[in-house]
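This report describes the strand arrangement, the ligand surroundings and a helix pair of one model. The sequence and structure are shown first.

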Amino acid sequence: MDWGMKNRLSKVISPKTGKTVMLAVDHGYFQGPTTGLKTPKESLAPLLPFADSLFVTRGILRNCIDASTNIPIFLRVSGGPSVLGELSNEDITTSMKEALRLNAVGVGLSIFVGAKNEDRTISNLGRLVNEAEEYGIPVLAITAVGKEMERDARYLGLACRIAAEMGAHMVKTYYCKEDFKKVVDGCPVPIVIAGGKKIPERDALQMARNAIDDGAVGVDMGRNIFQSESPVGMIQAVRAIVHENKSVDEAFKIFNELKTKN
Ligand code: R5P
């Protein structure tokens with residue numbers, strides 16, 4: 001790996017703990033004003049000090065994030081369909097030049113394995129990696145799961161491995177209760193988990209704990225943080241698991257204390 005690539009990755013995955021807490025706030029790129037992110041500027045400001053990087057679109061970055069921020073930016077660069085359309089109908093929407101202009105540490109796009117346009121989205125990933133390698137920019141591939149797919153280890157393992165084979169430097173996928181370790185073991189690049197739909201805070205912390213225990217390097221979590229009763233409490237509780245190896249009980253205690261305090 002070239003110096004630039006290594007340097008950018010070290011800004012996302014902590015060299016001290018080998019782990020990362022990415023804050024995913026790109027949901028509006030197909031969902032519009034998502035609950036918890038209706039006014040992104042206000043929702044995000046208190047969370048930024050606790051995230052290792054922000055996964056965001058260029059529109060929200062330019063309009064809602066202060067340019068003096070120190071937080072590393074991972075830019076969502078794919079899109080196309082809205083929640084009303086065929087979700088797998090994605091293309092690359094943001095250029096590498098734009099990513100560099102925005103001082104991004106990485107770029108991310110979705111692949112839709114098994115969906116109508118799987119071949120196109122996997123080719124998108126290949127093309128993005130070609131361009132990103134030219135500039136030393138890491139690519140995060142996101143294994144989007146269509147409604148008709150089972151979120152099991154077999155499917156997730158297939159999607160993650162394809163992403164790595166195409167050259168992704170990191171993969172974001174969903175956690176599955178059974179055999180998640182097999183998904184991690186079959187993927188030769190670091191895996192972070194998406195949180196998925198909002199679930200009770202303790203359950204989300206348990207999911208993060210399990211994923212780390214199974215070998216994930218961290219989370220790229222959105223709704224379970226910004227839709228929490230206490231987003232600031234939740235992101236710090238997640239950090240405690242990811243970076244400090246705390247138990248679920250310890251992390252939930254941190255969440256409850258911060259919830260009361262705030
Ligand atoms: C999908 O909208 C994005 O890739 C999200 O960044 C990803 O799903 C993580 O967010 P959440 O934890 O809300 O699933």
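How many bridges join strand 3 to strand 6?

## Basis of the report

The model is predicted: local features need pLDDT of at least 70, side-chain atom pairs count only at pLDDT 80 or more, and totals for chains, interfaces and linings use all residues. Residues are numbered from 1 along each chain as its sequence is written.

## Barrel

Strand 3 (residues 73-76) and strand 6 (residues 106-111) run parallel and are joined by three bridges. Strands are DSSP runs of E with at least two residues, helices runs of H or I with at least four, both numbered from the N terminus; two strands pair if DSSP finds at least two bridges between them. Phenylalanine 74 has glycine 106 of strand 6 as its bridge partner.

Eight strands, in the order 1-2-3-6-7-8-9-10, close into a barrel with parallel pairing. On average, neighbouring strands of this sheet are turned by 25° against each other, direction ignored. Axes are lines fitted to C-alpha atoms, for helices over the stretch in contact, with angles from 0 to 180 degrees between N-to-C directions.

## Helix pair

Helix 11 (residues 231-244) packs against helix 12 (residues 248-261) at about 155°, the axes being 8 Å apart. The two helices are therefore roughly antiparallel to each other, a term for angles over 145 degrees.

## Ligand shell

Among the 13 residues around the ligand, Ala24, Ala194, Gly195, Gly222 and Arg223 come nearest; a residue is near if its C-beta atom, placed from the backbone, lies within 6 Å. Strand 10 (218-221) and helix 10 (223-226) each contribute at least two residues to this shell.

Definitions and conventions. Angles under 35 degrees count as roughly parallel, over 145 as roughly antiparallel, 65 to 115 as roughly perpendicular and the rest as oblique.
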